[in-house]
Amino acid sequence: MRVVTRYAPSPTGPLHIGGARTALFNWAFARHHGGRFLLRFEDTDRARSTQQHEQEVLEAFEWLGIDYDPVWETSSIPGQSAIPRQSERLSVYREAIEALLAQRKAYRCVCTPQELEEMRSRARDRGIKLGYDGHCRDRGIGADPGKPFCVRLEVPEEGLTRW
């Protein structure tokens, strides 16, 4: 088995000390075991992710002495950069989400941030575990709910779930 580690910073600002620590640990672990250390930009926060912040991360890596391995043997893959970005694989993620929805292993949730905060507040008041209460779980919300939504996994309410 070959060790492969990855660091996936969100390029929404300069590399901070916690991110540097994580990158250094993953890099050192991979190099110690003769493995690969991969870099991928987690650029799904489209409003705040910038190429300038990506460059700052790369400059910090250089200053720290962190090198990374190419994800592909060649960087000339059409539509792909030498360092992958999560946004470049959105079509793959959409296919996976659609498959999970079709298999009823996931569902759409239209709860607003305010409604989610109310759920957390009620849980706090009752002294129970904070989290989503499953409000949209059995509502059968279709492909075009007419308002923003997220997709949640259909995790069993009882028993042990392992990944």
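A residue is called buried when its relative accessible area is under 20%, exposed when that area is over 50%, and partly exposed in between (1.4 Å probe, protein chains only). Helices (H or I, at least four residues) and strands (E, at least two) are DSSP runs numbered from the N terminus. The structure is a predicted model, in which local features need pLDDT of at least 70 and side-chain atom pairs count only at pLDDT 80 or more, while totals for chains, interfaces and linings use all residues. Residues are numbered from 1 along each chain as its sequence is written, and side-chain values use heavy atoms, with hydrogens and water left out.

Helix H1 covers residues 17-32. The expected span of a helix is 1.5 Å times one less than its number of residues. For the 16 residues of H1 this gives 22 Å, which agrees with the 22 Å between its end C-alpha atoms. The buried residues of H1 are Gly-19, Ala-20, Ala-23, Asn-26 and Ala-30. Seen down the axis of H1, these buried residues fall within an arc of 135°, so they line one face of the helix; the arc is that of the directions from the helix axis to the C-beta atoms. The buried residues of H1 pack against strand E1 (4-7), strand E2 (36-39) and helix H2 (51-64), where contact means heavy atoms within 4.5 Å. On the other side of H1, Ile-17, Arg-21 and His-32 are exposed. H1 is followed by Gly-34, which has a positive phi near 70°.

Side chains of opposite charge can pair when their charged atoms come close. A salt bridge is counted when a side-chain nitrogen of Lys or Arg lies within 4 Å of a carboxyl oxygen of Asp or Glu. Eleven salt bridges are found in a search of the whole structure. One of them joins Asp-67 to Arg-31, with the closest N and O atoms 3.4 Å apart. This pair links distant parts of the chain, since Asp-67 is in the loop between H2 and H3 and Arg-31 is in helix H1, 36 residues apart. Asp-67 counts as partly exposed because its relative accessibility is 39%, and Arg-31 is also partly exposed, at 27%.

In another salt bridge, the closest N and O atoms of Arg-40 and Glu-42 are 2.4 Å apart. Arg-40 is buried because its relative accessible area is 14%, whereas Glu-42, at 22% relative accessibility, counts as partly exposed. A salt bridge also forms between the side chains of Glu-117 and Arg-124 (3.5 Å, N to O). Glu-117 has a relative accessible area of 36% and is therefore partly exposed; Arg-124 is partly exposed at 46%. Salt bridges that share partners join Arg-31, Asp-67 and Asp-69 into one network.

Asp-45 is located in the loop between E2 and H2. Its relative accessibility of 25% makes Asp-45 partly exposed. Asp-45 and Thr-12 are 33 residues apart along the chain, and their C-alpha atoms are separated by 7.7 Å.

Patches are made of residues with over 30% relative accessible area and no salt bridge; like charges are joined within 9 Å, and nonpolar side chains (Val, Leu, Ile, Met, Phe, Trp, Tyr) within 5 Å. Ile-97, Phe-149 and Val-151 form a nonpolar patch on the surface, and together they have about 220 Å² of accessible area, as given by the Shrake-Rupley method with a 1.4 Å probe, where for residues only the protein chains shown count as cover. Ile-97 belongs to helix H3 (residues 90-102) and, at 33% relative accessibility, counts as partly exposed.
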